[in-house]
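Here is a short report on a single chain.

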Amino acid sequence: MQLAVLGSPIGQALSPVLHRAAYQALGLDWTYHAIDCTPHRLASFLGEVDDTWAGLSLTMPLKQTVVPLLDRASDTVVRTGAANTIVVADGQLIGENTDLYGMTQALSDAGVTTACGVTVLGAGATACTALAAAHELGCDRVTVIARNAGRARQFLGPAAERIGVKVRITPWTEAPAHLEAELVISAVPPGAADELEPLWKPAAGTLMDVLYRPWPTPLAQAAATAGRRVIGGLPMLVHQAARQVELQTKCPRPPYEDMLTAASAAVHQLDTTT
């Protein structure tokens with residue numbers, strides 16, 4: 001069977017490392033590749049998928065584009081409006097969002113199982129996942145800090161209604177007033193939150209930064225110095241990939257530790273060669 005991760009750019013995606021490590025541990029002679037695919041090419045690519053495929057992973061900028069192209073979608077995909085996983089079964093493309101599982105599992109591993117106040121930095125697909133994670137943690141009101149408040153309202157507003165949380169969308173300039181939340185989830189690209197580094201005040205709470213490279217980010221370093229518990233993006237990445245492996249291989253116990261070891265080694269190698 002063959003699988004792949006689709007996205008653009010895709011050159012440094014860790015998904016092949018994670019999935020290949022899992023297949024090796026499970027004794028599966030399956031292949032997994034990284035394929036550069038832009039949104040306008042996605043429909044034609046999916047049209048070529050046949051029964052030699054077990055599934056696909058999707059990264060940016062395809063997580064929202066893929067939703068109307070699916071034959072079926074999980075409740076999580078419907079609520080968040082984003083899919084990062086396709087399972088190919090009986091000629092159908094079945095969409096799932098394992099980012100939510102990855103995020104909540106990484107939080108749980110770090111001892112975060114509830115949160116009354118949540119601030120989300122960003123307004124893309126991962127921010128939608130963060131809204132769903134906040135809901136699962138028992139938070140029904142989330143503050144979203146967005147660079148483009150209008151776009152955020154257009155995209156996150158309907159998602160928040162489907163998820164069942166109320167959102168207050170505020171401009172990026174108001175970020176300092178909301179960094180003392182019990183849980184802050186940064187769902188922005190590398191460098192986008194660096195300017196917030198000097199704005200942390202000493203307090204308890206947790207920062208989850210979905211980035212894993214470069215690590216630690218300036219945001220994470222500053223939050224830790226200010227007394228926050230900090231969770232990086234690598235555990236989330238591995239947990240979501242392990243859930244993909246479970247769905248696509250039907251193996252109930254994906255080898256998380258093998259995948260984490262492989263991912264850590266790959267990140268270390270990238271850091272020492274670039």
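Cys-116 counts as exposed, at 68% relative accessibility. The model is a predicted one. The closest cysteine sulfur to that of Cys-116 belongs to Cys-139, 7.4 Å away, and this is too far for a bond. Cys-128 also takes part in no disulfide; its nearest cysteine sulfur is again that of Cys-139, at 15 Å. A disulfide is a covalent bond between the sulfur atoms of two cysteines. With a cut-off of 2.5 Å between sulfur atoms, the count of disulfides is zero.

## The six-stranded sheet

Six strands form an open sheet with parallel pairing, in the order E9-E8-E7-E10-E11-E12. Strand E9 (166-171) and E12 are the edges, each pairing on one side only. On average, neighbouring strands are turned by 20° against each other, direction ignored.

Strand E7 (residues 118-121) and E10 pair in parallel over four bridges. Within that pairing, Val-118 has Leu-183 of E10 as its bridge partner. Helix H5 (residues 125-136) packs on the sheet and touches E7, strand E8 (141-146), E9 and E10. The direction of H5 makes about 170° with that of E7. Helix H6 (residues 149-163) lies across E8 and E9, and runs at about 170° to E9.

Thr-126 sits in helix H5. Is Thr-126 buried or exposed? Its relative accessible area is 19%, so Thr-126 counts as buried, the limit being under 20%. Leaving aside neighbours within four places in sequence, Thr-126 contacts Lys-63, Met-103, Ala-187 and Val-210.

Next comes strand E11. Strand E10 (residues 183-186) runs parallel to E11, and four bridges join the two. Ser-186 stands opposite Asp-209 of E11. On to the next pairing: E11 and strand E12 (residues 229-231) are parallel, over three bridges. Here Thr-206 has Arg-229 of E12 as its bridge partner. From E11 the chain passes through helix H7 (residues 218-225) to E12, and this β-α-β crossover is right-handed.

Which way do the side chains of E11 (residues 206-209) point? Thr-206 and Met-208 point one way, Leu-207 and Asp-209 the other way. All of these residues are buried. In a regular strand, side chains alternate between the two faces of the sheet.

## Two residues of helix H8

Gln-248 lies in helix H8 (residues 233-249). With a relative accessible area of 4%, Gln-248 is buried. What does its side chain reach? Another is the backbone oxygen of Ile-86, at 3.1 Å. Beyond four places in sequence, the contacts of Gln-248 include Leu-3, His-19, Tyr-23 and Trp-30. Ala-54, Gly-55, Thr-85 and Val-87 are also among them.

Glu-246 is in helix H8 too. Glu-246 is partly exposed, at 25% relative accessible area. Not counting residues up to four places away, Glu-246 touches Cys-251, Pro-252 and Pro-254. Glu-246 and Ala-22 are 224 residues apart in sequence, yet their C-alpha atoms are 9.8 Å apart in space.

## Backbone geometry

Most residues other than glycine have a negative phi, and most peptide bonds are trans. The table lists departures from both patterns.

| Site | Feature | Angle |
|---|---|---|
| Ser-8 and Pro-9 | cis peptide bond | omega about 0° |
| Met-60 to Pro-61 | cis peptide bond | omega near 10° |
| Asp-90 | positive phi, not a glycine | phi about 55° |
| Lys-250 | positive phi, not a glycine | phi near 65° |

Where do these sites lie? Pro-9 is in the loop between strand E1 (2-7) and helix H1 (15-26). Pro-61 is in the loop between strand E3 (53-58) and strand E4 (72-73). Asp-90 is in the loop between strand E5 (85-89) and strand E6 (92-96). Lys-250 is in the loop between H8 and helix H9 (256-273).

Asp-90 is exposed, with a relative accessible area of 82%. Lys-250 is exposed as well, at 58% relative accessibility.

Methods: Residues are numbered from 1 along each chain as its sequence is written. This is a predicted model: local features need pLDDT of at least 70, side-chain atom pairs count only at pLDDT 80 or more; totals for chains, interfaces and linings use all residues. Side-chain values use heavy atoms; hydrogens and water are left out. Buried means under 20% relative accessible area, exposed over 50%, partly exposed in between (1.4 Å probe, protein chains only). A polar contact is a pair of N or O atoms within 3.5 Å; within protein, one must be able to donate a hydrogen and the other to accept it, and residues adjacent in sequence count only if both atoms are side-chain atoms. Contact means heavy atoms within 4.5 Å. Two strands pair if DSSP finds at least two bridges between them. A crossover is right-handed if, with the strands pointing away from the viewer, the path from the first strand over the helix to the second runs clockwise. Axes are lines fitted to C-alpha atoms, for helices over the stretch in contact, and angles run from 0 to 180 degrees between N-to-C directions.
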